[in-house]
Amino acid sequence: MNRWKRLAPVTAVVASAAMVLAGCGGSGDDEAADNSKLTVWMMGEGSEAQTAFLDGVETEFKKKHPDTDVVVQYIPWLEAPKKFQAALAGGEGPDVTELGNTETQGWADQEALADVTSKFGAWPEGKDILPDLVKNAQLDGKQYGVPWYAGVRALYYRTDWFAEAGVKPPTNWDELVAAAKAVQAKKPGTYGIALPGNSELPFYSFLWGAGGEIATKQGDTWKSGYNTPEAQKAVKFWTELVTVHKVAPPAAAGWNEIDARTQFATGKAAMAFAGSWQGGAIKKDNPEIEKVWGTFPIPGPDGKPAPAFAGGSDIALWKDSKKQDLAWDYLTVLLSKQKDKEFASSLGFFPVYSDLVSGGEYANDKIMAAFATALQNTKLTPLTPKWVEVSRTKTVTQAMNSSVIKGQKTVDKATADAAAEMESILNAK
Amino acid sequence: MTTLTQAPETSAARETPARRRRRVDRLPYLLLLPCLVIIGVLLLWPLGQVVAMSFFRLNNVRQLRGDREWPWVGFGNYAEILGDPFFLTVLRNTVLFAVANVALTMILGTLVGLLLNRLGKRMATFVASCVMLAWATPALTGTIVWKWMFDDTSGLVTWLFNALPDGLSNALFGRADWTGYGWFNSPLLFFAILTLVVVWHSFPFIAVSVLAGLKSVPSELHEAARVDGAGPWKVFWKVTFPLLRPVFGILVVLSTIWDFKVFTQQFVLAGGTQDRPTFMLSIYSYAEAFSPPPKYGLGAAIAVVLTLILLLVTGIYVRMVLKQEEES
């Protein structure tokens with residue numbers, strides 16, 4: 001007896017620990033159609049402008065649903081995949097979420113997003129959204145997201161350095177090299193061009209400009225375009241900026257777009273590839289730069305601007321959400337033409353409505369004009385949920401370019417290897 | 001050995017009341033129970049899950065939730081990994097890295113331990129605290145600082161190499177301007193830097209453990225050896241090492257385990273899971289399992305392979321140590 005008395009506290013502790021642990025798994029699932037709250041996930045850190053804008057959206061939304069509070073949570077871009085996986089595994093996700101438009105198909109394939117085909121078809125304003133962007137949010141012909149804003153990349157350059165070196169913004173590949181060399185010669189200690197050797201999207205403009213393709217679908221199989229002479233020409237040009245022309249340093253093999261942009265912002269490079277939305281970050285690094293920067297579209301080899309990747313963000317409804325209709329109502333307020341224009345311009349993006357971008361709206365804007373030009377001619381990465389593995393996990397294109405810059409492979413070998421790897425991933429069962 | 005096997009027989013023969021004995025025996029287990037429950041829930045259960053997952057094809061997060069079927073693939077995941085030539089690269093990287101790092105960590109740690117033993121009290125405290133600072137730095141923060149030191153434009157290392165006289169730098173490395181040099185471009189250089197970071201992080205533990213061992217060795221033994229005319233090299237191998245063999249045994253096993261599963265340092269230095277030529281088993285497992293599209297089954301199989309290799313390596317080593325002890 002005595003002994004058991006002594007043990008009683010121990011047993012109690014064990015028992016309560018077991019209960020706590022068991023309790024972790026339980027709960028949830030009991031908030032079926034509680035419409036008092038709508039959870040919205042937004043990407044990024046949430047600037048003041050964005051928060052103010054979303055408050056406005058909520059006010060508008062509350063006119064129709066006065067009893068629903070909108071709770072906005074910001075998720076850093078790089079955290080998003082982990083957050084999505086955790087939400088999907090645990091069953092507690094948002095009702096509405098933003099996501100990068102390169103990721104929509106992958107998450108649709110993971111059954112994270114709701115099929116909004118019929119809702120989207122019945123929404124009149126949706127008909128004016130740029131078709132490339134709409135297509136990019138589809139999987140097997142079904143719509144899983146609605147484009148929110150669009151962005152393309154162009155080249156930022158230092159107008160003062162260009163003037164000193166006596167060069168004009170280049171319009172073809174030869175001029176690009178000549179300009180980079182001229183400025184670098186005039187400004188010792190700087191690079192002609194901040195090449196993001198470890199990024200794929202700026203490179204695609206060169207690939208497409210040379211007439212190459214990433215991959216095309218022939219019947220049931222994907223065929224990589226990397227072992228064509230056009231693609232090899234693009235890889236050769238891209239990598240020779242470092243290896244032959246030396247207008248970017250060897251370290252550029254490891255740079256991503258942010259690294260490259262920082263080189264430009266801190267006055268170490270004369271040109272950098274960046275999207276219109278990154279202007280704010282560049283200014284944050286160096287507020288003075290506003291006086292001496294300009295932009296021009298990424299040139300093709302022959303004097304025409306190269307096609308640009310149609311980047312941007314989509315808004316999707318979370319499949320596990322029990323408030324699909326409420327969520328859709330929020331989406332249509334957020335994405336209404338008027339709100340879209342208001343928001344896109346505050347962030348340095350473009351609205352997704354063709355009638356809003358095609359007019360002469362941006363022609364006189366020193367920075368936005370080049371992007372508006374680039375937006376006229378966009379292309380997409382291959383439309384398959386397996387693309388994300390080529391692009392993010394195996395980083396086939398980045399590895400191809402880096403290996404040539406690092407001198408590990410020849411252009412022929414690197415393109416052949418990349419093509420083979422890409423085809424094996426895209427055609428895997 | 002003989003006394004151990006005899007003990008229960010003799011006590012049983014003594015015919016103590018069986019009831020009483022059982023009572024006394026049960027208490028320790030009951031006291032262990034809370035610990036076992038926690039270890040079971042937090043360690044054994046997930047471990048079992050990983051092993052189980054490695055036999056299924058798990059490519060969708062919803063499967064983890066139990067919303068979807070788990071298709072059984074038997075050893076399919078293992079066959080896929082072992083059949084992939086990339087696995088050989090990863091395995092080679094892992095083994096070479098671990099061997100180099102265990103050796104360097106042990107050598108440096110032992111040397112610092114011996115130094116600490118010889119130093120005066122104040123100096124020893126000073127050196128020991130400096131060394132412990134490296135040990136106390138979290139792997140993540142420490143590595144970020146190292147990465148900054150190797151930054152290609154404003155890093156300390158880049159600056160140091162730039163500060164070398166141009167002629168010397170040209171003669172040694174064939175270049176004088178190091179700004180923009182890609183420190184992490186070649187796998188070999190990457191592994192050299194990773195080794196530097198990992199050894200820097202792990203040698204303090206070895207040093208302090210060796211010091212603790214040395215303190216327990218009577219100093220007369222060393223003095224006697226020295227009086228007999230043995231140099232430091234001989235004293236170490238003939239006196240110190242044999243006495244500290246169990247300590248070294250444990251330290252090598254621990255270092256092997258740590259260096260085989262290095263993850264944080266590599267993840268930070270490589271900037272994520274992009275640099276596939278420098279993959280080692282743990283980051284390979286992580287990349288396969290969690291990079292989109294997820295392949296949890298494949299990632300789990302890699303983790304199991306890593307665990308088996310570790311068990312094998314440490315098992316062989318522990319046997320070796322035990323055998324040597326029996327012999328001596």
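How many C-beta neighbours does B:Phe55 have inside 10 Å, and does that make B:Phe55 buried, exposed or partly exposed? The count is 19, so B:Phe55 is put down as partly exposed. (Buried takes 20 or more other C-beta atoms within 10 Å of a residue's own, exposed takes 12 or fewer, and partly exposed is in between, with C-beta atoms placed from the backbone.)

A word before the views: this is a predicted model, where local features need pLDDT of at least 70, side-chain atom pairs count only at pLDDT 80 or more, and totals for chains, interfaces and linings use all residues. Residues are numbered from 1 along each chain as its sequence is written, while chains are lettered from A and ligands numbered from 1 in the order in which they are written.

**View 1. B:Phe55 sits in the loop between H2 and H3 of chain B.** Helices here are DSSP runs of H or I with at least four residues, strands are runs of E with at least two, and both are numbered from the N terminus. Setting aside neighbours within four places in sequence, B:Phe55 is in contact with B:Trp72, B:Val73 and B:Gly74. (In contact means that the C-beta atoms, placed from the backbone, lie within 7 Å.) Look for B:Leu243 and you'll have to go 46 Å from B:Phe55, C-alpha to C-alpha, and 188 residues along the sequence.

**View 2. Here chain B meets chain A, with 27 residues of chain B in contact with 33 of chain A.** On the chain B side, helix H2 (18-53) and helix H3 (61-65) each bring at least two residues. The largest share, seven residues, comes from H2(B). Sort that side by type and you get 14 nonpolar, eight polar and five charged residues. (Nonpolar covers Ala, Val, Leu, Ile, Met, Phe, Trp, Tyr, Cys and Pro; charged covers Asp, Glu, Lys and Arg; the others, Gly among them, are polar.)

**View 3. An open sheet of six strands in chain A runs in the order E2-E1-E3-E13-E6-E14, with mixed pairing.** Strands pair if DSSP finds at least two bridges between them. Strand E2 (69-75) and strand E14 (350-351) of chain A are at the edges with a single partner strand each, so one side of each has no neighbour in the sheet. Further in, E3 (residues 96-100) and E13 (residues 311-317) of chain A pair in the antiparallel sense over five bridges. In that pairing, A:Glu98 is opposite A:Ile315 of E13(A).

**View 4. Two domains of chain A have their centres 30 Å apart, taken over C-alpha atoms.** The assignment, automatic or from a database, gives domain 1 (37-151 + 311-362) and domain 2 (153-308 + 386-426). Eight residues of domain 1 of chain A touch eight of domain 2 of chain A. The domain 1 side of that contact has two nonpolar, five polar and one charged residue.

**View 5. Helix H12 (residues 232-260) and helix H15 (residues 296-327) of chain B pack at about 175°, their axes 10 Å apart.** The axes are lines fitted to C-alpha atoms over the stretch in contact, and angles run from 0 to 180 degrees between N-to-C directions. H12(B) and H15(B) are therefore roughly antiparallel, the word for angles over 145 degrees. Among the residues making the contact are B:Gly249 and B:Phe260 of H12(B), along with B:Leu310 and B:Tyr317 of H15(B). By type, the contact residues come to nine nonpolar, four polar and one charged.

How values were computed
Contact = placed C-beta atoms within 7 Å. Parallel < 35°, antiparallel > 145°, perpendicular 65-115°, else oblique.
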